[in-house]
Amino acid sequence: MRCFLHRLFHIDHLLVTVMTFIIIGVFYVFLKSVDIAFLNPIAKGISNFSLSDVYYEIKQETTVPDTCPLITLVDMTELHSRDEIADVIDSIAACEPRVLGVDLIFESLREDLGNNRRLAEAAENVAPFSVFSCKFIDYNAAEDTYMSKTGSFFTSDNRIAPAAGSENPILPVIEAYTNVKSRAESSFIRELTVERKWDGVNYYSMPTMLVNLYTEGRAMDKRDRLINFLPVRFPTIRYDSVRICEDLIRDRIVLLGTMHEEADMHYTPLGKMAGMETLAYSTLTLLEQKNIREVSLPVILLLSFIICYITQVLQYFFVNFTENRPEAFFLFISSSRIFLRLFTFAWMGFLTWLSFILYMKDEIYVSMVLILLCIALVGEARGFYIATIRTLSRFHDWHFLRNSLYYNPEDRNKGKKNNDSSPSVANEISGDSTGADNPNLPMMN
């Protein structure tokens with residue numbers, strides 16, 4: 001038992017684990033510091049990878065989605081005239097929604113001033129319970145703020161000089177941004193932002209503002225979070241069927257926007273999705289407070305280190321067990337490293353399954369990228385470590401080397417033979433290649 005514990009907690013396992021992290025760190029620094037064009041797609045693919053996509057895909061294939069009773073989508077993709085859009089807004093208002101979110105931006109005045117005025121009147125009528133979309137642009141990383149904003153023509157920060165004799169109404173409508181991602185470098189939408197700075201002032205995102213109005217100012221955590229993409233069906237109605245579907249609008253959060261506009265499509269864990277639908281998922285995440293709790297980076301690093309150590313120990317005992325068994329079957333297994341790889345693959349599958357259970361049952365997301373990378377590279381790190389031990393053993397008889405699990409006395413014997421057979425420096429200078437005639441001369445060690 002004592003011998004088992006000695007091997008279980010041997011320093012070799014710790015050093016192999018540290019070496020695994022060194023290898024990963026070297027590769028990371030290399031990829032960050034060297035711009036190699038043909039590796040860019042690989043780096044981008046790794047940065048966009050998340051096991052949450054796999055989890056949601058499995059859930060989508062195995063679950064019949066429930067219909068959301070809180071949020072309804074109104075699709076007006078086919079509409080382009082502002083007076084027709086104003087009619088749709090009036091129709092929605094007549095059905096008495098709790099909150100209306102307009103995922104549309106009317107940037108400038110058009111030549112048809114009547115349509116502009118008509119749209120402004122509709123926006124004013126729903127102003128007390130509605131949120132209109134805007135976009136933040138020109139991000140200043142040094143000050144962590146956006147410098148510019150694009151919104152509809154009837155908002156105070158987007159006033160455009162009117163034509164002679166026309167009106168340009170400034171309405172007290174609520175605006176919220178819809179275009180800011182939590183991770184701007186990612187092409188996928190997985191997270192929602194709660195607030196961002198524009199011109200030094202904090203502004204809410206549209207999902208946050210919709211929930212704020214719906215709950216009458218309920219306090220919420222302002223940190224970015226993962227969107228809960230567990231499959232759910234949002235009732236979606238056409239712009240010309242609003243009055244018919246009044247029961248799907250009354251006392252609900254209603255989003256007005258486009259469902260089939262290619263320019264407003266985004267990639268999500270559930271596939272390509274309309275921007276308005278991603279807003280619906282974000283709003284539902286905040287509303288039900290069922291946001292996914294993401295394990296922090298320090299905890300991921302600690303988990304990765306522990307699991308890497310356990311992987312090294314498991315692989316060591318697997319190899320040690322198979323090599324010391326006399327049966328032909330175990331001889332075959334120890335001679336073919338494919339079984340060690342299959343064993344490691346099963347271990348990776350088990351850990352991935354555990355993370356899946358945590359995600360689905362407790363809504364805790366553990367990023368497995370670093371963990372799986374450690375498991376994949378621990379064998380390479382061990383090979384490098386064994387090579388180091390064997391090389392040093394040929395030239396040194398250190399206590400640390402002799403105590404290693406990978407120490408081979410034959411390596412030391414070979415080193416001694418090489419030293420004994422190597423000529424001394426003095427003999428090489430004198431031309432005597434053997435040194436046998438002058439045994440008092442020092443030999444090279």
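The model is predicted: local features need pLDDT of at least 70, side-chain atom pairs count only at pLDDT 80 or more, and totals for chains, interfaces and linings use all residues. Residues are numbered from 1 along each chain as its sequence is written, and side-chain values use heavy atoms, leaving out hydrogens and water.

Helix H2 spans residues 11–33. Helices (H or I, at least four residues) and strands (E, at least two) are DSSP runs, numbered from the N terminus. H2 has 23 residues and reaches 33 Å from its first C-alpha to its last. That is close to the 33 Å expected at 1.5 Å a residue, where the expected span is 1.5 Å times one less than the number of residues.

H2 also holds buried residues: Asp 12, His 13, Val 16, Thr 17, Met 19, Thr 20 and Ile 24. Buried means under 20% relative accessible area, exposed over 50%, and partly exposed in between (1.4 Å probe, protein chains only). Their cover includes helix H1 (2–8), helix H9 (297–323) and helix H12 (369–395).

A nonpolar surface patch is formed by Ile 11, Leu 14, Val 18, Ile 22, Val 26, Trp 398 and Phe 400. Together these residues have about 630 Å² of accessible area, by the Shrake-Rupley method with a 1.4 Å probe and, for residues, only the protein chains shown as cover. Patch residues have over 30% relative accessible area and no salt bridge; nonpolar side chains (Val, Leu, Ile, Met, Phe, Trp, Tyr) are joined within 5 Å, like charges within 9 Å. A salt bridge is a side-chain nitrogen of Lys or Arg within 4 Å of a carboxyl oxygen of Asp or Glu. H2 gives the most to the patch, with five residues. Ile 11 lies in H2 and counts as partly exposed because its relative accessibility is 43%.

Strands S14 (residues 265–268) and S15 (residues 271–274) run antiparallel and are joined by four bridges. Strands pair if DSSP finds at least two bridges between them. The two form a hairpin with two residues between them. Thr 268 stands opposite Gly 271.

Leu 256 sits in strand S13. Leu 256 is buried, at 0% relative accessible area. Its contacts (heavy atoms within 4.5 Å) include Val 74, Met 76, Ile 92 and Leu 104. Leu 104 is 152 residues away in sequence but 7.6 Å away in space, C-alpha to C-alpha.

Two non-glycine residues have positive phi. Glu 96, near 60°, lies in the loop between H5 (82–94) and S3 (99–102). Asp 251, at about 65°, lies between S12 (236–238) and S13 (253–257).

Definitions and conventions. Lists of a residue's contacts leave out its neighbours within four places in sequence.
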